[in-house]
Amino acid sequence: MGERLKVLVTGASGYIGGRLVPELLDAGHAVRCAVRRPGSLRGLPWADRVETVVADVTDGAAIRAALEGIDVAYYLVHGLTSGRDFAASDREAARTFADAAGRAGAGRVVYLGGLASGGKVSPHLRSRNEVGEILLAGEAPAIVLRAAVIIGSGSASFEMLRYLTERLPAMVTPHWVDTRIQPIAIRDVLRYLAACAVLPAGTSGTFDIGGPDVLTYREMMRRYAAVAGLNHRIVFGVPILTPKLSSLWVGLVTPIPSSIARPLVESLRTEVVCRDHRIAGLVPDPPGGLIGFDQAVELALRKIREADVATRWTSASTPGRPSDPLPSDPDWAGGSLFIDERTATADAPASAVWRVIEGLGGENGWYSLPVAWRLRGWIDRVTGGVGLRRGRRDPEHLRVGDAVDFWRVEEVEPGRLLRLRAEMRLPGLAWLELSVTPEDGRTVLHQRAIFHPQGLPGHLYWRAISPFHALIFGRMPRNIAAAARGDGSDEPPAPRPSPGDRAPAAR
């Protein structure tokens, strides 16, 4: 590309942003990342190569300061998980950002929206298109790229396709399985986004981007099965399954919670096919052409097999709101705080204990009463939460922002401290904190379960579960210490997933 630009990326900790930043750095650009929480990028392999500023896109003054001196600003945030008012939140954030970009004199805004080419548009797609229109109406030139289903390791759309196909050799599906879709590989999405940084000054407009294949969802499942080496999948389409019922089914069968599955399902009811390929006039197709569906699936599965998934759909959710208190605050100002503390001593080096702690969750389980963890995960999914099926991005290593089942890594100090913030449905805020301290040739493991109740329901919840703490939290540090010693535990960790939960290579 040649030209070195100063680039701002919002949503840098998310699925797309976390993969775009290294592409921009490799192209020679100077990258500034706007984050909501200090330290939220810590642990990412490129974190020390970027400038990080704290700014929320809804805070006009803060985001305007972040945009000062910026040539290109990437707007990669949306309110998919912010509740029923997500469209209003998206509008407010987009207007604030567009105004700030104009006032700061940004050379260009780049946004990745959703593709819709016909029929009734879902609320999610309508909101994404509305954000694009708001940015285009701003003073700064804007480029809006619109994509349909993105095929890449860790994307929500790919995970939904993957688990539905792997776990269900025969399925009854709603009529949207026969809607035409033009999927695109994540590598091509990133190529288009990165190329937008160096387009001629003043370039503005909306451009559809898609791969070379136009398929129905039924065809995508069958072709996924062929690439993954699975038997032929039998799909029966029926007209009676509503988006709500479909999303509940997706939430039951796949790791995607129904709250996220619903907008994805609703979007699939609309034909999502590129109306033209004008983008090629600005960003020419690569010599070998765009990546086809089968190759995109193969590349994604390879990344999963190699445990080399850079970002996942779970990355999009930040670890807590900026206004949330932290259990490490020196002066707790949040009212009541309940704490369950446990300690165990391991006849093992601190490094061995830390390896067990850093491997918690996912296939390794939680080293105490597996049936209770499964039950809590099931209750969470039934009530609309994420449950235990999110697993882990990496089986051995953690970084700030990683999802671990129904927790999220809020703080990690390698070899010393891990703090997880609960993302299950709760009447309050909760953390699980584990720390290790070498002492006289052994290692002391300190564990704290922390709960900040919200109102009477929160107090009642804590008192109701207190009798079970000895069974769950009491056994954890002892079993972790035993696992670190290498002499086993008085009970195994949670059972590993069935073959359908693993990548095809594990079959």
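Two strands count as paired if DSSP finds at least two bridges between them, and the strands themselves are DSSP runs of E with at least two residues, while helices are runs of H or I with at least four, all numbered from the N terminus. With that in hand, hello everyone, and let's look at one pair. Strand β5, residues 108-114, and strand β6, residues 142-147, run parallel and share six bridges.

A word on what we are looking at. This is a predicted model, in which local features need pLDDT of at least 70 and side-chain atom pairs count only at pLDDT 80 or more, whereas totals for chains, interfaces and linings use all residues. Residues are numbered from 1 along each chain as its sequence is written, and side-chain values use heavy atoms, with hydrogens and water left out.

Now the sheet. Seven strands make an open, parallel sheet in the order β3-β2-β1-β4-β5-β6-β11. Why does one side of β3 and of β11 lack a neighbour in the sheet? Because β3 (51-54) and β11 (205-208) are at the edges, and each has a single partner strand. From one strand to the next, the twist averages 20 degrees; axes here are lines fitted to C-alpha atoms, for helices over the stretch in contact, and angles run from 0 to 180 degrees between N-to-C directions.

Helix α6, residues 186-195, lies across β4, β5 and β6, at about 155 degrees to β5.

Let's move to I472, which sits in helix α14, residues 469-472. Is I472 buried or exposed? I472 counts as buried because its relative accessibility is 19%, and buried means under 20% relative accessible area, with exposed over 50% and partly exposed in between, using a 1.4 Å probe and protein chains only. Leaving aside neighbours within four places in sequence, I472 is in contact (heavy atoms within 4.5 Å) with S368, L369, A372 and W373. I472 and L369 are 103 residues apart in sequence, yet their C-alpha atoms are 6.1 Å apart in space.

Last stop: the lining of the second largest cavity. Among its residues are I151, P183, D213 and F293. A cavity is a set of points on a 1 Å grid over the protein atoms alone where a 1.4 Å probe fits but cannot get out, and lining residues have an atom within 4 Å of a point. Both β10 (184-185) and α10 (293-305) supply at least two residues of this lining.

Terms used:
On a 1 Å grid over the protein atoms alone, a cavity is a set of points where a 1.4 Å probe fits but cannot get out, and a pocket is an open set with protein on both sides within 12 Å along at least five of seven lines; lining residues have an atom within 4 Å of a point.
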